Amino acid sequence: MKTHRAIGYGYRSRLNLHSEKVKRAVKDRTRELENAQELLRRNAELSTLLKVSRTLLKSYDINDLLERVLQGAIALVPSKAGALFLIDPEKKIIELASFYNIEKLPLSVLPQTSMQMHFEFDNFPFPIEDPRLKALSNLSTVSDLLNSDRDYNYENGLSEEIQGIITVLLRGMDGVLGFIILINNSEGEFTDEDARFLLAFSNEAAVIIENFRIHSSLVEKEREVQTQRRLAIIGEMSAQIAHEIRNPLQKILTGVEYLRDYCEPGNETIIDVVSKGVSSINEVITRMVEYGRTTSLNLQEIDINNMVEGIISGIRSRLNSANIKLTKDFPEKGRVALDPVRFRHALQNIMDNAIDAMPTGGNLKFSMRFLCEERNLSSKTLCTFINPSSRLEIKISDTGTGMGKEAMEKLFTPFYTTKVRGSGLGMAMVKKIVDLHKGEISINSKIGSGTEVTIRIPMKNGT
């Protein structure tokens, strides 16, 4: 019996030992499977991150790039709404923005702070009064990040409509470029893992945005160099043309005027046509020489209102005969530092183009405003403190024939014209004059809907 008991005990012991081994093997295998699943999940996330990052490299426009970055963030951390802002952290200015479904949320319940960023949009589709900008520009989450050493934060359970919000900075080599905001995680609450994953993407996106800006700056500088080279060539060519053609033209004009005395009555029209043709050729040559000449400004403090009134007075008869109604909207006072001769020439050229674009009549509007940094809103009152960011804005709009995208892109190219009779140097000269004043000029036009020309000139030289 003792031997039998010993054998029975040994069997149960071996069975228990085997069972423990099986349990450990199952646990080890389960752990391996979990690790494998985690690796697969991580690999899928990294693959998604790589795929999304690669799409950013296909952008050739800063607004398209920002939209791709925001869409990429939402693809990585699925959310019901989001926004992206590029900022100037020193000036506390929002420069560019992109949105996704933000207008569908009750923005009034978002956590706010007293700190609010300003807005400075040039030719951007979002108006300054856009409620999305107002609600998101002074989020407490943004304020907390900009005033701390952290790069992300998130909060859940804010309200019934806003279940959660996560904010991640776009940090470049030279500091903060902006931030990404995602609202309401589609898969539950935001987690620390979501924030770290989004931060990895934002770091990648910040590098691409910085490289895009550097590349754009280099392209712009190269374009300026090419423009200077082209101007030098045009200047040299124009000087040669002026020398070779003006003398024969003067002889032709002298001969034509001599023939006038011998012309039979009724044939003076032929003499006039030839004389005007010669004068037209001489005028084109003069414009070519002027455009190619290296010039500097003769800045004077002038009353811009008086200058514009003088231009309008000179074209009043043309406006009446062409059945064009003029609308003016001027500031109260407008003493600014400009080159009066050149700037008047630029405005005159734009007004002439507007009249030519309305052969059957229409409306012509001339408006001026001051853009002051302290409020960053258009004002009819001269800025109280002149600084590099304060500008004079001039808008000239017509209801004429308008132009297509291709024409707008080539409008400032020398010798390009949409007119049957035109030298193609008018708007090129306007662009040169604005550039000499360190200003900006932009065109907004649509075929059949008219054209609007906007000029912005820095006010730092004004008083």
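Predicted model: local features only at pLDDT ≥ 70, side-chain atom pairs only at ≥ 80, totals over all residues.
I started with helix H10 (residues 426-436): eight of its 11 residues are buried, so the rest of the structure largely encloses it. Buried here means under 20% relative accessible area and exposed over 50%, with partly exposed in between (1.4 Å probe, protein chains only). Helices (H or I, at least four residues) and strands (E, at least two) are DSSP runs, numbered from the N terminus.

Residues are numbered from 1 along each chain as its sequence is written, and side-chain values use heavy atoms, leaving out hydrogens and water.

Back to H10. I listed its buried residues: Gly-426, Met-427, Ala-428, Met-429, Val-430, Lys-432, Ile-433 and Val-434. Just after H10, I found Lys-438 with a positive phi of about 60 degrees.

Next, the cores. I looked up the largest nonpolar core and got 44 residues; such a core is a set of buried Ala, Val, Leu, Ile, Met, Phe, Trp, Tyr and Cys residues joined through side-chain atoms within 4.5 Å. Among those with the most contacts inside it are Ile-304, Phe-343, Leu-347 and Leu-364. I followed Leu-364: leaving aside residues up to four places away in sequence, its contacts include Leu-319, Met-351, Met-358 and Ile-396. Contact means heavy atoms within 4.5 Å. There is also a second, separate core of 30 residues, which includes Ile-74, Tyr-152, Ala-195 and Ala-206.

Then I checked a helix pair. The axes of H7 (residues 304-321) and H8 (residues 340-356) come within 10 Å and cross at roughly 35 degrees. Axes are lines fitted to C-alpha atoms, for helices over the stretch in contact, and angles run from 0 to 180 degrees between N-to-C directions. On the H7 side I noted Ile-304 and Leu-319 among the contacting residues, and on the H8 side Phe-343, Leu-347 and Met-351 among them.

On to the sheet. Six strands form an open, mixed sheet in the order E3-E2-E1-E6-E5-E4; two strands pair if DSSP finds at least two bridges between them. E3 (118-119) and E4 (152-156) are the edges, each pairing on one side only. E4 pairs antiparallel with E5 (residues 164-172) over five bridges, and Glu-155 stands opposite Ile-165 in E5.

Last stop: Pro-359, in the loop between H8 and strand E10 (362-371). Buried or exposed? Pro-359 is exposed, at 62% relative accessible area. Pro-359 and Ala-322 are 37 residues apart in sequence, yet 6.5 Å apart in space, C-alpha to C-alpha.
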